[in-house]
Amino acid sequence: MKVPQVLRRQIVEYEKAGFHVTNVEPRSGSHFMLTFAEFSQPVITTKNITCPRAIKNNIANYRRLQREQGEK
């Protein structure tokens, strides 16, 4: 499957933050389902994130999700 360049840039930022994407599946329109090694459930995201602040917000949400998974 061909992953769009804007989504590849997002994945690079997520990997810099310590999250590892193991699978990418296309969904409806511009949405993709990302499977992370750190989470038990996949995350659906859009490729249309152009604002760096939005990527930082996603990373913050992934860190919260990782903490919640660690508490269980």
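**Note on the predicted model**

1. Start with Tyr14. Leaving aside residues up to four places away in sequence, Tyr14 touches Phe19, Leu34, Phe36, Thr45, Ile55, Asn58, Ile59 and Tyr62. Keep in mind that this is a predicted model.

2. Tyr14 also belongs to the largest nonpolar core, which has 16 residues. Within this core, Tyr14, Phe19, Val24, Leu34, Phe36 and Tyr62 touch the most other members. Four elements each supply at least two core residues: α1 (5-16), β1 (21-26), β2 (31-36) and α2 (52-71). In soluble globular proteins, nonpolar side chains tend to be buried together.

3. Next, the overall fold. The protein has 2 helices and 3 strands. Read from the N terminus, their order is α-β-β-β-α.

4. Now the dimensions. Along the principal axes, the C-alpha atoms fill a box of roughly 35 × 25 × 20 Å.

5. How much of the protein is buried? Buried residues make up 32% of the 72 residues.

6. Last, charge. There are 12 positive side chains and 6 negative ones. The centres of the two sets lie 9 Å apart.

Key
Residues are numbered from 1 along each chain as its sequence is written. This is a predicted model: local features need pLDDT of at least 70, side-chain atom pairs count only at pLDDT 80 or more; totals for chains, interfaces and linings use all residues. Side-chain values use heavy atoms; hydrogens and water are left out. Buried means under 20% relative accessible area, exposed over 50%, partly exposed in between (1.4 Å probe, protein chains only). Lys and Arg count as positive and Asp and Glu as negative; His and the chain ends are not counted. The place of a charge is taken as NZ of Lys, CZ of Arg, CG of Asp or CD of Glu. A nonpolar core is a set of buried Ala, Val, Leu, Ile, Met, Phe, Trp, Tyr and Cys residues joined through side-chain atoms within 4.5 Å. Contact means heavy atoms within 4.5 Å.
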